[in-house]
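Trainee: Before we discuss the labels, could you show me the sequence and the structure?
Mentor: Here they are.

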Amino acid sequence: MTKMYFAENPDAAHDIHELTVCLLDHRMTFLTDAGVFSKKMIDYGSQVLLSTLDFEPEESVLDVGCGYGTLGLTLVKAKKLHATLIDINQRALDLARKNAEKNQVSAIIFQSDIYSEVHGEFDHIISNPPIRAGKKVVHEVISGSYNHLKKGGDLTIVIQKKQGAPSAKAKMEEVFGNCEIIKKDKGYYILRSEK
């Protein structure tokens, strides 16, 4: 029996919660459930990541491993971005769709195993990657992003130092030829590479 949040169809019994939080000076409400990442609160890594994103209105962003939509939906509401949210977890995607409605924002939301169903290029790709899915998956999030970014576009991820920030940074340098540590906060690293 798997309860992992990166499973396609988590079999954990439903346990719906509603979180109301202030993100980027906007009141956001999220439905969460068992079998999805960080169901009881918006995880600190996502909050730190959001605080570093200085994107322009109308730009496009791909949220890889979107979960119930924290990052992508907040960016639509606060920054007026065009967001595409992907995840392998069907339960998370159902929540993300409901949360888009709840927060009166629109986003493209669909199932994809990392980039398998993604077409086109984006100004930005962001991810709070599923660390527990293993280093291989995290590195696929990094390496696959290159072909889905416009020239001058960037990949920004959040990862804890103890959960592999140094190796993620090395992978980003290998793929992009550059990687900057945008912020360090309580062991969380925000890493950015530009195409």
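**Labels and their cut-offs**

Trainee: What should I know about the model and the numbering?
Mentor: This is a predicted model, in which local features need pLDDT of at least 70, side-chain atom pairs count only at pLDDT 80 or more, and totals for chains, interfaces and linings use all residues. Residues are numbered from 1 along each chain as its sequence is written, and side-chain values use heavy atoms, with hydrogens and water left out.

Trainee: Where is I114, and what is its phi?
Mentor: I114 is in the loop between strand 5 and strand 6 (122-127); helices (H or I, at least four residues) and strands (E, at least two) are DSSP runs, numbered from the N terminus. Its phi is positive, about 55°, although I114 is not a glycine. Most residues other than glycine have a negative phi.

Trainee: What makes Q104 buried or exposed?
Mentor: Q104 has 72% relative accessibility, so it counts as exposed. Q104 lies in the loop between helix 3 (90-102) and strand 5 (108-111), and its phi is also positive, near 55°.

Trainee: How do you know which kind of aromatic pair F30 and Y68 form?
Mentor: A search of the whole structure finds three aromatic pairs. Rings of Phe, Tyr and Trp (its six-membered ring) pair if their centres lie within 6.5 Å; planes under 30 degrees apart count as stacked, over 60 as edge-to-face and the rest as tilted. The ring centres of F30 and Y68 are 5.9 Å apart and the planes are at 55°, so this pair is tilted.

Trainee: Why is the pair said to tie together separate parts of the sequence?
Mentor: F30 lies in strand 2 (residues 26-32) and Y68 in the loop between strand 3 (60-64) and helix 2, so the pair ties together parts 38 residues apart in sequence. F30 is at 0% relative accessibility and counts as buried; Y68, at 3%, counts as buried too.

Trainee: What puts K195 over the face of Y146?
Mentor: A charge sits over a ring if NZ of Lys or CZ of Arg is within 6 Å of the ring centre and within 35 degrees of the ring normal. K195 lies over the face of Y146, at 4.6 Å from the ring centre.

Trainee: How do helix 1 and helix 2 pack?
Mentor: Helix 1 (residues 44-52) and helix 2 (residues 70-79) pack at an angle of about 30°, with their axes 10 Å apart. Axes are lines fitted to C-alpha atoms, for helices over the stretch in contact, and angles run from 0 to 180 degrees between N-to-C directions.

Trainee: Which residues make that contact?
Mentor: S46, L49 and L50 of helix 1 meet L71, T74 and L75 of helix 2, where contact means heavy atoms within 4.5 Å.

Methods: Buried < 20%, exposed > 50% of the residue type's maximum accessible area, 1.4 Å probe, protein only.
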